[in-house]
Amino acid sequence: MTTATQPLLSVRDMTKVYPARRRGSAPVRAVDGISFDVAPGETLGLVGESGCGKSTTGRTIVRLLEPSSGSIAYDGHDISHLSQRELKPLRREIQMVFQDPHSSLNPRQTVARIISDPLLVQGSSAADARRRAAELMELVGLIPEQIDRFPHEFSGGQAQRIGIARALATGPRLVIADEPVSALDVSVQAQIVNLMERLQQELGLAYLFIAHDLSVVKRVCDRVAVMYLGRIVEIGAKERVYTAPAHPYTRALLSAVPLPDPAAERARERITLLGDPPSPAAPPPGCTFHPRCPKAQDKCRSEAPVLRIAAPGEARQVACHFPEAA
Ligand code: ADP
Ligand code: MG
């Protein structure tokens, strides 16, 4: 990515606070001030344990949720406060792929109807939308003759191809993929990742690719952001983050990724995280990672680290008082 390119997506200090579910309980700061860019045609991986705020981030960017504060700019235009009507032209440009393909497809609609729907919303004629739906089926590796079938007649992997075809119907430039392979059999995951990579190259798509572990996004992403309890704790080029992780949390996530070579697997450092992540309704003081951090010191218990450049001359940023030397 060159500095001359305007980011396609630019998120600044975005927060999303859910109101307390019960009287007396605290509001949930699911996303707590995150900033990042996605360049045209780029893939940014967004990873972190379940509950850290990944889906909330994705859903807020596409404005299925209202941000509590901060800004979201698409192609240089602030979209954080647009009304649903003003958002309509943007719905062509930014699309979402969901985790569980079967539950995100209407079981009573045919594939033709599912894929056509975004086109009909944007004003296409029924005949044009159907023709386009058949083309899209072919593009994602489905058999266009099966256009009048229902989602339950397809396997999980095929159903996710339908979800991808629907997302591509309006010709988006940005796709937010929220754990698009997590619900699929391991053997099918690679096929869907390959498909998404091919589509990216053919169509010049940018992806925000959400996953709960680092192994899934390793192939596809150019850069990766690691999220913990609503914040980004490390963000940078894939090569740097995977080979020289600076944040203890990134190191722990990476040490949980199995290595194909058994000798390397035995020799490498294992970092086991203590306990579960704390609740975002009651985050720990200081660095929110400190109760689980093997390196925590006094400063970490009292002072929240800010995201800053990890080492001179590199773009990677880390939020840690004692980052690993790069
Ligand atoms: P992830 O996708 O990383 O698993 P989510 O964005 O789904 O995380 O959730 C982040 C946090 O927000 C979690 O603690 C979750 O329980 C909470 N949360 C999600 N949706 C709601 C909601 N509608 N109301 C209250 N809390 C919510
Ligand atoms: Mg999620």
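**Overview**

The model is predicted. In the UniProt record, an unreviewed entry, residues 9-254 carry the annotation "domain: ABC transporter". That span is 37% helix and 25% strand. Its end C-alpha atoms lie 27 Å apart.

Strand β7 takes in residues 174-178. It is mostly covered, with five of its five residues buried. L174, I176 and D178 point one way from the strand. V175 and A177 point the other way. In a regular strand the side chains alternate between the two faces of the sheet. Both sets in β7 are buried.

β7 pairs with two strands, β6 and β8. Strand β6 (residues 94-97) runs parallel to β7, and four bridges join them.

**Helix α4**

Helix α4 spans residues 111-121. Its buried residues are V111, A112, I114, I115, S116, P118 and L119. What do these buried residues pack against? Their partners are α5 (126-139) and α6 (156-168). After α4 comes G123, with a positive phi near 105°.

**Salt bridges**

The whole structure holds 21 salt bridges. Side chains of opposite charge can pair when their charged atoms come close.

| Pair | N to O distance |
|---|---|
| R231 and D32 | 2.8 Å |
| E93 and R173 | 3.4 Å |
| E135 and R132 | 3.1 Å |

R231 and D32 form a salt bridge, with the closest N and O atoms 2.8 Å apart. R231 lies in strand β10 (residues 231-237) and D32 in strand β2 (residues 28-38), so the pair ties together parts that are 199 residues apart in sequence. Are the two residues buried or exposed? R231 is partly exposed, at a relative accessible area of 30%. D32 counts as buried, at 17% relative accessibility.

E93 and R173 form another salt bridge, at 3.4 Å between the closest N and O atoms. Both residues sit in loops: E93 between α2 (84-87) and β6, R173 between α6 and β7. The pair therefore ties together parts that are 80 residues apart in sequence. E93 is partly exposed, with a relative accessible area of 24%. R173 is partly exposed too, at 33% relative accessibility.

An α-helix has 3.6 residues a turn, so residues three or four places apart point the same way. The side chains of E135 and R132 meet at 3.1 Å, N to O. E135 has a relative accessible area of 44% and is partly exposed. R132, at 30% relative accessibility, also counts as partly exposed.

Which residues are linked in a network of salt bridges? They are E234, R240, E314 and R316.

Key
Residues are numbered from 1 along each chain as its sequence is written. Chains are lettered from A and ligands numbered from 1 in the order in which they are written. This is a predicted model: local features need pLDDT of at least 70, side-chain atom pairs count only at pLDDT 80 or more; totals for chains, interfaces and linings use all residues. Side-chain values use heavy atoms; hydrogens and water are left out. Buried means under 20% relative accessible area, exposed over 50%, partly exposed in between (1.4 Å probe, protein chains only). Contact means heavy atoms within 4.5 Å. Two strands pair if DSSP finds at least two bridges between them. UniProt positions are given in the numbering used here, feature names are shortened, and annotations may be inferred rather than shown by experiment. A salt bridge is a side-chain nitrogen of Lys or Arg within 4 Å of a carboxyl oxygen of Asp or Glu.
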